[in-house]
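Subject: Handover of a two-chain model

Dear colleague,

I am passing on the structure below, together with notes on the parts of it that I went through. Please read the notes with the structure open beside them.

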Amino acid sequence: MHVFLDFETQIADLEGKIEELRQVAAQDPAMNIGEELGKLETKAAAQLRDTYAKLTPWQKTQVARHPVRPHFTDYVGQLVEDFTPLAGDRSFGEDKAIIAGLGRFEGRSIAVIGHEKGADTQSRLEHNFGMARPEGYRKAARIMALADRFCLPVVALVDTTGAYPGRGAEERGQAEAIARSTEMCLSLGVPLVSVIIGEGGSGGAVALAAANRVLMLEHSVYSVISPEGCASILWRDSERAKDAAAAMKITAQDLLGLKVIDQIIPEPVGGAHRDPARAIADTGAAIHQALQEMEGWTGQALRQDRRVKFLEIGRAGLV
Amino acid sequence: MNWLTNFARPKVKAFFSKRNTPDNLWVNCTNCGSMVFHRDLIAQQFVCPSCQFHMRIGPTERFKAIFDGGLYETFDLPDVLPDPLKFKDEKKYADRIKESRSKTSQTDAVVSATGTLDGLGIVMAVQNFKFMGGSLGMAAGEALIRSAEVAIQKRAPFILFTAAGGARMQEGILSLMQMPRTTIAVQILHEAKLPYIVVLTDPTTGGVTASYAMLGDVQIAEPGALIGFAGPRVIEQTIREKLPEGFQRSEYLLEHGMLDMVVHRHDLRKTLSHITHLLMDRSPGKSDTPPRALDPGAHKIPSGVDRNNLQADHSIDSEISKEEEQRARLAGQTP
């Protein structure tokens with residue numbers, strides 16, 4: 001059963017009618033529904049295309065959080081061979097909100113790291129809805145260091161509402177863990193490509209996204225604070241999340257304009273969840289291209305590239 | 001209604017309110033409520049004499065308290081594009097900035113200065129919580145990068161006093177990008193082998209804690225400062241339980257291994273002097289990684305290592321010039 005978002009009611013109606021028609025026809029094979037079905041399908045497709053061509057920042061946030069949007073595990077399943085997850089931060093525990101490991105991508109060994117939100121109630125709980133604790137960030141930093149030692153490129157898939165705001169997380173140094181992970185990203189002597197596949201929530205996202213290339217899926221969002229959080233602080237009303245989403249400029253299109261990201265990966269019409277296989281394949285192609293661009297770069301050149309890239313952000317407008 | 005309410009009462013009120021506020025001669029301690037004479041409070045560096053509560057102070061008070069003889073020179077910080085997103089919530093961001101500027105006479109949240117500490121040249125930056133909650137935006141980010149660069153130019157330790165709610169939401173993603181950008185500032189200090197000392201003051205939270213504020217060579221906090229990633233209210237809402245007494249306060253962090261020390265404001269100058277002198281006086285022969293002087297001949301390079309390579313790979317000078325080159329190239333590409 002498809003999950004429709006609140007702005008998709010017209011699409012839901014049309015697709016519901018199509019489904020109904022098909023069921024009726026299935027019961028009565030003599031019935032000719034071809035013409036009617038064709039009309040409805042054209043209309044539904046147009047409606048979907050038009051709706052997704054002009055999503056508001058808040059609607060994009062909803063798409064980025066869509067429950068069946070492909071997650072880390074889906075990407076790794078389709079793109080990475082011999083994926084070998086590695087667990088633990090070697091200090092305290094294992095945090096499944098971030099998955100990290102080794103694998104083969106387009107024939108070469110890489111390290112893959114990313115947030116996993118989970119796909120059903122049980123796995124969502126297991127992965128803490130993709131909200132990592134310090135152990136997750138320390139594991140990420142540990143695997144990045146491992147990749148650096150063995151000259152393996154690192155691919156990071158970012159999909160988190162934010163780092164987990166809990167008592168234990170604070171006691172074990174959530175802030176420090178995020179800071180160290182960001183620092184590790186910037187120190188790597190191997191290529192680092194980060195892709196925002198859903199939500200890029202604040203410091204919890206940056207910790208995996210201080211990369212040579214930062215790519216974003218067309219309907220993903222990346223922001224300093226969630227629209228709800230921003231609204232509750234600045235408007236003192238979390239109901240104003242729509243306004244906050246618009247004001248903060250959180251869409252891939254805005255961020256490309258601000259030169260914060262390098263590339264937008266187009267999504268299938270209706271969002272990545274409508275055709276996950278294609279969305280993931282296109283993402284794989286973009287990652288492959290980004291890695292190829294950095295082929296043969298020395299560690300020093302890669303560090304320098306990252307440094308210059310981040311120092312340049314915002315400076316274009318220096319007065 | 002009558003003469004008493006319409007005339008006498010306002011007069012009486014005005015008389016008292018006037019008498020209560022002349023130049024804030026007396027200040028109420030926000031913690032214990034005791035009245036402290038303003039001049040005593042200044043002498044005590046805004047630490048309550050009865051309960052030792054550390055009140056929030058700004059850059060001027062910090063500079064005066066730490067630098068030799070209270071003498072220092074602030075230096076210019078880069079201008080940044082104002083209000084890059086044309087942000088407006090219930091108020092315009094541009095207006096909030098204006099207000100903070102007139103309230104603090106500062107351009108933005110960070111003020112930086114050079115001076116000496118027991119004779120040793122140091123660079124110091126202070127985040128002022130009074131300027132939009134000390135928040136980290138483009139200006140503060142550039143200020144920290146510039147301060148690190150000045151420290152490297154002067155071969156001086158960099159001492160940073162943090163105080164901030166976090167990243168400045170009104171600059172959206174550009175404020176979030178200050179996390180990696182300021183981390184680069186810390187990295188260039190590390191590479192130059194210059195001490196980067198962080199003094200966390202009340203409050204330091206959010207993206208500030210999750211970047212440069214937790215990356216110091218030595219981490220110091222003032223007593224009772226709120227330090228954390230998420231705010232206590234957000235945590236209580238998330239876990240639906242009451243947080244323990246002293247949660248996210250300096251002493252709590254010290255106990256959990258997140259700080260080197262908690263230092264009373266009156267002892268900060270002495271402690272900072274000790275740490276910076278000890279780190280800078282390190283004898284090159286005693287360490288695996290000797291401090292690198294600008295003159296590459298100043299310390300021995302292990303045999304078997306190609307000196308030219310070593311320089312090309314690690315010299316800050318060459319790195320900076322490379323960066324400038326690349327920047328110039330980038331600037332050329334995007335007119």
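The notes below begin with conventions and then take chain A and chain B in turn.

This is a predicted model, in which local features need pLDDT of at least 70 and side-chain atom pairs count only at pLDDT 80 or more, while totals for chains, interfaces and linings use all residues. Residues are numbered from 1 along each chain as its sequence is written, chains are lettered from A and ligands numbered from 1 in the order in which they are written, and side-chain values use heavy atoms, with hydrogens and water left out.

Chain A

Helices and strands here are DSSP runs numbered from the N terminus (helices H or I, at least four residues; strands E, at least two). The axes of helix 1 (residues 9–27) and helix 2 (residues 34–53) of chain A come within 9 Å and cross at roughly 155 degrees, where axes are lines fitted to C-alpha atoms, for helices over the stretch in contact, and angles run from 0 to 180 degrees between N-to-C directions. The two helices of chain A, helix 1 and helix 2, are therefore roughly antiparallel to each other (angles over 145 degrees count as such). Their contact (heavy atoms within 4.5 Å) involves residues including Leu14(A), Ile18(A) and Leu21(A) from helix 1 and Leu37(A), Leu40(A) and Ala44(A) from helix 2.

Strand 2 (residues 98–105) of chain A has six of its eight residues buried, so it is largely enclosed by the rest of the structure; buried means under 20% relative accessible area, with a 1.4 Å probe and protein chains only. Strand 2 of chain A pairs with strand 1 (residues 81–85) in the antiparallel sense over three bridges, pairing being assigned if DSSP finds at least two bridges between two strands, and Glu81(A) stands opposite Arg104(A). Eight bridges join strand 2 of chain A to strand 3 (residues 108–115), again antiparallel, and this second pair forms a hairpin with two residues between the strands, where Glu106(A) in the turn has a positive phi of about 50 degrees.

Ile143(A), which lies in helix 6 (residues 134–149) of chain A, counts as buried at 0% relative accessibility. Leaving aside neighbours within four places in sequence, Ile143(A) is in contact with Leu86(A), Ala100(A), Gly101(A), Ala111(A) and Ile113(A); the C-alpha atoms of Ile143(A) and Ile113(A), 30 residues apart along the chain, are separated by 8.0 Å.

Chain B

In chain B, seven strands form an open sheet of mixed pairing, in the order 3-4-5-6-7-8-9. Strand 3 (73–74) and strand 9 (261–262) of chain B stand at the edges with a single partner strand each, so one side of each is left without a neighbour in the sheet. Helix 5 (residues 138–153) of chain B packs on this sheet, touching strand 4 (110–117), strand 5 (120–127) and strand 6 (158–164), and its direction makes about 20 degrees with that of strand 4.

Strand 4 of chain B is largely enclosed by the rest of the structure, because seven of its eight residues are buried. Two bridges join strand 4 of chain B to strand 3, antiparallel, with Thr74(B) opposite Ala113(B), and eight bridges join strand 4 to strand 5, also antiparallel. Strands 4 and 5 of chain B form a hairpin with two residues between them, in whose turn Asp118(B) has a positive phi of about 45 degrees. By contrast, strand 7 (residues 196–204) and strand 8 (residues 218–221) of chain B run parallel and are joined by four bridges, Ile197(B) having Val218(B) as its bridge partner.

With best wishes

Definitions and conventions
Buried means under 20% relative accessible area, exposed over 50%, partly exposed in between (1.4 Å probe, protein chains only). Angles under 35 degrees count as roughly parallel, over 145 as roughly antiparallel, 65 to 115 as roughly perpendicular and the rest as oblique.
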